[in-house]
Amino acid sequence: MSLCGSIEKGRGIGMLYINDLTKNYGSFTAVNHLSLHIPEGDLFGFVGPNGAGKTTTIRIVCGLLRASGGSVRIGGTSAAVGSKVMKRMIGYVPDFFGVYDNLKVREYMDMYGSMYGMDSRDIAKLTDDLLELVNLSDKKEEYVDTLSRGMKQRLCVARALLHNPKLLILDEPSSGLDPRARVEMKELLKNLHSMGKTIVISSHILSELSEMCNSIGIMNRGQLITAGRIEDIMQQISGGKRMHIQVASGMESAVRSLKEQPGIRIESVRENEIIMLFNGADEEISALIGLMIQNQVVLTGFYREEGSLESLFMQLTGGGAQ
Amino acid sequence: MKLRWNPIVKKDLQVTARSMRLSWGLFAYEAVLTMTFLMALSIIQQSSRSFYSSGNVYGKLIYLFPVLAVAQVCIVAMIVPVITASSISGEKERQTFDIMLTTCMSPFSIVLGKVMSAVLRILFFVVAGMPIMALAFVVGGLSWSYLFYFVLTIILLSVLSGSIGILCSALCRRSITAVILSYAFYFVVYGLTFLPMFLKLFMTHAENVGESMLLLLFNPIIFYEEFFMQLMTGESVFGQNGSMFSRDEVGFITYHLSQGRAWVFLSAACILLLSLLLLMAAAWKVNPMHSSSGRRRKKK
Ligand SMILES: Nc1ncnc2c1ncn2[C@@H]1O[C@H](COP(=O)(O)OP(=O)(O)OP(=O)(O)O)[C@@H](O)[C@H]1O
Ligand SMILES: [Mg+2]
């Protein structure tokens, strides 16, 4: 897909290359010729409605599912999916996961650490640091099955970081979390991103991703509809940004002056609010506000619609969204 | 390279040591063993008190050992598949198996770890039953070294049963079907291995079995029978020095195997080989790179 180029532009070397990936379940195609390129150091959001094929793609990348076609490469190596070299480079947090009864947090970390062939003493030291990072230091001696959902999720992230992977993949990390836990998770991921990890997150809540990701890919019915930096995508497809202008008085002159401007399409005019689509730079917005004030328009609000990315998503994924 | 614990074994032992199930299991195991011991003892006493008996109770106490041993063997053979059959499907049900597969553990070491942890758990039981076994040994007048050999055979048996269980666990999605499938598998190993011999006997009007018994090398029943015969009487299942058969009644290989202790050792090797094959099959099955279609995940 030509869109891949747009992410690459002027940024680090590639971390994850997915090329022409296909997965069939019988006659059903869950992933359809998906090509994607994620540069190193990116926080990439993978968005799509239920059944889009996000989990399928992620499981193929992690070596948990065999692809029907196409290839996946990580960190510039040519190692095969599912090989040990590849597994060492990926930290995977699945969408649903359980924990064991009767196992303490410390032992949980120790077990997974030793599954990577690490030394017990190294694991113990790393565990302290990682639990600190995910804010679970005080739970070290607690049983994993007594932790809350959010804590388990963070523990799973800590676990996925044990072997210091280059690429962290999280499948719907905030599903089933309350708002507070979501914020904590988001902070944690932002934190990890700033530490230089490449992170891939899947979600079907676009607004959540748009706050932390620097690039996203939108997927629907097994196909990648678009991928790129968030700003680029917004520009590329919406063809304008929806603005709300609240006006206390001087409505007619406001509408008149807006209509004179190029690149503005007025969507609706209500009693004291104008909704318009605006396709221009931020400087033009300030010029516009200045112009309206000159024309004796009393402005009480001027803002960009919050859900615009969401509506873009709906528009892109068509009937597939639920 | 430093020898290290398989992480799965370590975790499984940690988890079981903390669960109440282990205590109850041990209690039940001990209770069954003690009951068997007392029952065998009372039967032996009763039979020696009867009118026709020589009245020498001590000569018969030697039978305490095989009775207790057989009881233990049966318990082990019944329990191990239950432990291992639920191990992989249990991890899948708990959805921890995927995480395990994304680590550097190879599918074979995952499968092996599961079987090893089952064998070790069984050894808890066997060791706990040791005092009763020792008592049977002492009153029966058997050598101590036999107790050691017996533990070795228990390990062998639990490796085989564990491998059967783990393969079924890899094949089935639900633990309960895996347990049922393992018992079906038992029928093949314990029962169907007799089939060639019976067919041959039937076809030749019981004149010649040829090499049709060689499949029985994989059968733990014959293995244990031979083992006990060797321990207790120094004879073989095939009679003293294979006297049960004349040379032309059986095939060449069978005839030579029935001499001395060759059968026990070869049978042990065959059982180990079978276990290894089952383990490899299970490892192949759980490797996601080998199955073309992934399993459907349950959603909450
Ligand atoms: N084992 C399977 N056999 C058959 N079809 C499957 C299997 N696993 C997934 N699918 C199908 O593949 C499609 C993609 O599923 P996938 O789980 O990747 O979606 P998703 O984007 O992760 O959705 P969600 O947001 O619900 O997690 C779905 O239509 C699903 O029904
Ligand atoms: Mg999913």
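Modeller: A salt bridge is a side-chain nitrogen of Lys or Arg within 4 Å of a carboxyl oxygen of Asp or Glu. By that rule, the interface of chain A and chain B holds 3 salt bridges. This is a predicted model, where local features need pLDDT of at least 70, side-chain atom pairs count only at pLDDT 80 or more, and totals for chains, interfaces and linings use all residues. Residues are numbered from 1 along each chain, chains are lettered from A, and side-chain values use heavy atoms, without hydrogens and water.

Biologist: Why is Arg59(A) with Asp98(B) called a salt bridge?

Modeller: Their closest N and O atoms are 2.7 Å apart. The limit is 4 Å, so the pair counts as a salt bridge.

Biologist: What makes Asp110(A) buried?

Modeller: Its relative accessible area is 14%. Buried means under 20%, exposed over 50%, partly exposed in between (1.4 Å probe, protein chains only). Therefore Asp110(A) is buried.

Biologist: Which residues is Asp110(A) in contact with, leaving aside its neighbours within four places in sequence?

Modeller: Ser120(A), Ile123(A) and Lys10(B). Contact means heavy atoms within 4.5 Å.

Biologist: How many residues does each chain give to the contact between chain A and chain B?

Modeller: Chain A gives 39 residues and chain B gives 35 residues.

Biologist: What area do chain A and chain B bury between them?

Modeller: About 3,400 Å², with 56% of it on carbon and sulfur atoms. Buried area is the accessible area (1.4 Å probe) that two parts lose on being put together, summed over both.
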